[in-house]
Amino acid sequence: MTPARIGTPAGPTAAAHSPELRAAAARFGRRRFLTVTGAAAALAFAVNLPTAGTASAAELDAAKIKSDPFTLGVASGDPRPASVLLWTRLAPSPYEPDSGLPRDRVSVRWEVAHDERFTRIVRRGTTTAHPEFDHSVHVEVSGLDADRVYFYRFRTGDWISPAGRTRTAPARSANISELRFGAVSCQAYHDGYFTAYKHLAAEDLDVVFHLGDYLYEYAVTAVGGARNYTDRRLPAHYNRETVTLEDYRLRYALYKSDPDLMAAHAAHAFVVTWDDHETENNYAGETPENDVPPEEFLLRRAAAYRAYWENQPLRTPQRPDGPDMQLYRRLHFGRLAQFDILDTRQYRSNQAYGDGWQVPGPESEDPARTMTGETQERWLLNGWKQSRALWNVVPQQVTFSRRRDVPRDGFKYSMDSWDGYPASRQRILDGAAGAGVDNLMVLTGDVHVGYGFDVKADFDDPDSRTVGTEIVATSITSGKDGADKPTNWDNLTTANPHMKFYNGRRGFVTVTLGGEQARADFKTVSAVTTPGAPLTTAGSFVTQAGDPGLKPA
């Protein structure tokens, strides 16, 4: 989330879709574009897929790859009891538009082992890196043991990838005593170094949830913005806003070449969801931030969604169809926890009152407004009715709890957060109560600060029942170095008595779920505009099972 365009990095005019592409999009028309057939056809011209499908390319002799193709590392994601998704992308020259490979298929071998020396291999196979998917690889490995650590790697030609470590989920019926996970968000490359990821890689975690803004569309200067490189110069094509598929692919290559981000992915399985900047700041459903024709924005959305899937450890059901991609999904970790991962961008109503911080009124309080869309909302509430988990956790994007900006009349709310969609929030809370969800935890990113909230049955009454907790993960870099007490600290903490923690440094959160309580540790670094800052714990809180509410640990 970025307010309008205030303070965004300067740079040349963004790249644009070609006139031929814009004309083709206009011919589809908005209604047809959003049908399955229209989306598939739009995808074909938007991302240059051959009509014959992905098997049409010739095969490259991998022995001819003369430099390391594993420059973007490896990743795993969406762990299940018997399977996990493995990812890599071949890119000998990651900062070049073709990544240093011809438009040929490449055969890639993969291995999964019990040990990091790969002396006890339990699964192996061969897959294809297709040029139409930018030579990315998504391998769904099955037949694994539940709740077990595995190591994995890839091979092509004479090259071997770095090894990654992953862990399968416990069996759904398993009675596990503890689950420890990380939550991260908002990693603007141009705002600083990914030092927090270096520390995250060293944490003992079962899984990491990325809550959005993995990528930013804004220009990155030759010196990497606030990183202020003196030992390298980035190519000029990074110094513009991302619009086309090539733009987004190149930007992912820049981010994923960062060694600290690669280390975190190699150390932990990630469960990812997006927010706005993976496409465009504060877009809402089909509505762009800027005044462009809807068909043209949907082309941009199709390109952004395509590049997102190509560059994340996501399974086949998440592969997009044109400008549409089902990212919401459910994961189970034994009987201890159910995770319902939401998408609060793709289906939401447009922000009320022109977005930003506004005085609430009839437009924002319209009961027809939705943050999730009807289908996703029904899926979430039905999933809670069927849940047998002790903890029901909702990884999502924007602040769920109420946030007044000042402790007096005339207060404003953020129209981009759930405060701009209060009827939608109330339906979620009513659904949780109706399903008997006793231990609700909402995970949030977006705002570049760490918050800890008690979720209240009635935010107007501080003494009303606490029905859940919200843990807001600060940014990895976005907002640059930050401060322990931002300038609005007094106003926010006074105006919102249910806010139990507020810190404005960069970092991440770790959460430990147990049978009796959950513990959240807010971990921060002192700086990101210079590398190597140490990690400290800015605050620790617990909430008891069956008695929600954050208390200092």
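These legends accompany close-up views of a predicted model.

**View 1. The whole chain.** The chain has 553 residues, and 60% of them are buried. Its secondary structure comprises 10 helices and 24 strands. Among contacts with a separation of 6 or more, 70% join residues 24 or more positions apart. The accessible surface is about 20,500 Å². Carbon and sulfur atoms hold 48% of that surface.

View 2. Strand S12 spans residues 329-333. Four of its five residues are buried. Strand S13, residues 337-341, pairs with S12 in the antiparallel sense. Five bridges link the two strands. Histidine 332 faces glutamine 338 of S13 across the pair. Three residues lie between the strands, and glycine 334 in this hairpin adopts a positive phi near 60°.

**View 3. The largest nonpolar core.** This core holds 51 residues. Val184, Tyr189, Tyr197, Leu200, Phe270, Tyr308 and Met325 touch the most other members. Several elements supply at least two residues each, including strand S2 (84-89), helix H4 (195-201) and strand S11 (269-272). Helix H7 gives the largest share, with eight residues. Nonpolar side chains tend to be buried together in soluble globular proteins.

**View 4. Surroundings of leucine 200.** Neighbours within four places in sequence are left aside here.

**View 5. Another core.** A core of 31 residues lies apart from the largest one. Its members include Ile176, Phe181, Ile341 and Trp391.

Key: Residues are numbered from 1 along each chain as its sequence is written. This is a predicted model: local features need pLDDT of at least 70, side-chain atom pairs count only at pLDDT 80 or more; totals for chains, interfaces and linings use all residues. Side-chain values use heavy atoms; hydrogens and water are left out. Buried means under 20% relative accessible area, exposed over 50%, partly exposed in between (1.4 Å probe, protein chains only). Two strands pair if DSSP finds at least two bridges between them. Contact means heavy atoms within 4.5 Å. Accessible areas come from the Shrake-Rupley method with a 1.4 Å probe; for residues, only the protein chains shown count as cover. A nonpolar core is a set of buried Ala, Val, Leu, Ile, Met, Phe, Trp, Tyr and Cys residues joined through side-chain atoms within 4.5 Å.
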